[in-house]
Amino acid sequence: MIFERLAAALRAETPVALVTRIDGAQSGAKLLVFEDEVLGDLGTPGLNVAAAGEARALLAVGETAMRTFGEDGEPVGVEVRLFIAAYAPKPAMYVFGAIDFSRAMARIGKYLGYHVTVIDARPIFATKQRIPDADDVVVAWPDEFLSQAPVDYRTALIVLTHDVKFDIPLLQVALRTDAGYIGAMGSRRTHANRIDALRSAGVSEADLGRVSAPIGLDIGARTPEETAISIAAEIVALRERRRGGRLSDGTLPVHNDRSVVSTS
Amino acid sequence: MIDVLDTVERWRREGQRVAVATVVGVEKSAPRDPGAMLAVNERGDVAGSVSGGCVESAVYEEGQDAIATGRPRLVTYGISDADAISVGLTCGGTIHVFVERLDW
């Protein structure tokens with residue numbers, strides 16, 4: 001049953017992780033983890049919950065790894081070794097606009113495990129020499145590119161063009177996708193103008209709320225590198241439904257319970 | 001898994017019992033990453049690889065034993081391991097391979 005479900009998921013390119021206990025008396029026990037479903041049993045309910053959470057975290061970044069837990073899934077335990085094979089393509093990050101910020105964004109996007117594509121309509125700027133860390137650099141109109149590009153809930157769309165003539169058509173296309181993150185660079189005033197234009201174009205209030213703008217977490221970033229870190233941190237925080245801010249100021253557990261929080 | 005999927009499904013349709021060996025850990029340089037898989041059936045057919053040829057024959061024997069006994073096992077091949085000298089992991093790294101009968 002587990003094998004059949006795994007095979008079907010692999011064929012359909014549905015993200016799935018296979019967790020296997022690799023030592024001890026219950027060696028060989030399996031858990032098959034989908035985004036919204038779990039099959040199998042590793043031995044204890046706590047271990048199943050912990051393993052499913054870890055498997056979804058690995059799926060989010062497309063990594064396969066060994067992990068150790070306590071017998072009931074305690075994160076600090078070492079009694080149980082699990083092998084987690086995550087079958088997911090790398091998530092896509094599309095960075096629109098080939099500017100200095102894009103170079104830093106491409107670099108940190110790669111570091112986070114994304115397949116990074118930088119898109120700009122200007123051939124002089126959209127070159128691999130200028131953005132060496134990008135997997136792909138594409139000369140295209142941003143909205144035309146995005147309307148053809150594969151997008152899923154793991155996709156991050158980073159709009160750095162901050163030019164109304166590109167931003168508005170691009171954001172309209174972006175808001176028709178399932179992208180997990182849509183961020184747009186620009187001042188508060190720039191974004192207020194964008195909101196007006198999008199609203200006039202018929203975009204709903206709920207959709208307007210999906211746009212992270214001004215982009216990034218509030219860390220006072222100035223340089224392209226600092227800005228890229230602030231955007232990267234916002235991407236992670238939104239995925240984990242966190243507000244950002246200092247852990248030392250908060251009371252929530254440091255890590256979400258992955259059994260109840262999806263990775264989308 | 002993806003590279004052996006078609007073959008394993010065919011073997012199962014033919015009623016063959018199957019064992020799979022998966023690289024679950026590597027230390028230093030190793031030719032295949034974690035997740036690389038070799039599959040064997042009771043007839044003696046093999047698909048896939050775990051090391052690029054260095055330890056496949058030893059893993060094959062473990063797979064046949066797993067088919068016969070149903071007992072999963074974690075085996076390590078590497079420079080510091082006495083087995084490594086006989087099986088010869090030419091690449092110089094260490095790999096941990098989990099071998100199990102595919103009865104799930």
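**Two helices in contact**

Guide: In chain A, the axes of helix 5 (residues 164-174) and helix 6 (residues 188-200) come within 10 Å and cross at roughly 55°. Here helices (H or I, at least four residues) and strands (E, at least two) are DSSP runs numbered from the N terminus, while axes are lines fitted to C-alpha atoms, for helices over the stretch in contact, with angles running from 0 to 180 degrees between N-to-C directions. The model is predicted: local features need pLDDT of at least 70, side-chain atom pairs count only at pLDDT 80 or more, and totals for chains, interfaces and linings use all residues. Residues are numbered from 1 along each chain as its sequence is written, chains are lettered from A and ligands numbered from 1 in the order in which they are written, and side-chain values use heavy atoms, with hydrogens and water left out.

Helix 5 and helix 6 of chain A are therefore oblique to each other, a class that takes the angles left over once those under 35 degrees count as roughly parallel, over 145 as roughly antiparallel and 65 to 115 as roughly perpendicular. The crossing of helix 5 and helix 6 of chain A is right-handed, that is, the near helix is turned clockwise from the far one by less than a right angle.

From helix 5 of chain A, Asp167(A), Ile168(A), Leu171(A) and Gln172(A) meet Arg194(A), Ala197(A) and Leu198(A) of helix 6 of chain A, contact meaning heavy atoms within 4.5 Å. By class, this contact of helix 5 with helix 6 of chain A has four nonpolar, one polar and two charged residues, where Ala, Val, Leu, Ile, Met, Phe, Trp, Tyr, Cys and Pro count as nonpolar, Asp, Glu, Lys and Arg as charged, and the others, Gly among them, as polar.

Elsewhere in chain A, five strands form an open antiparallel sheet in the order 3-2-1-5-4, two strands being paired if DSSP finds at least two bridges between them.
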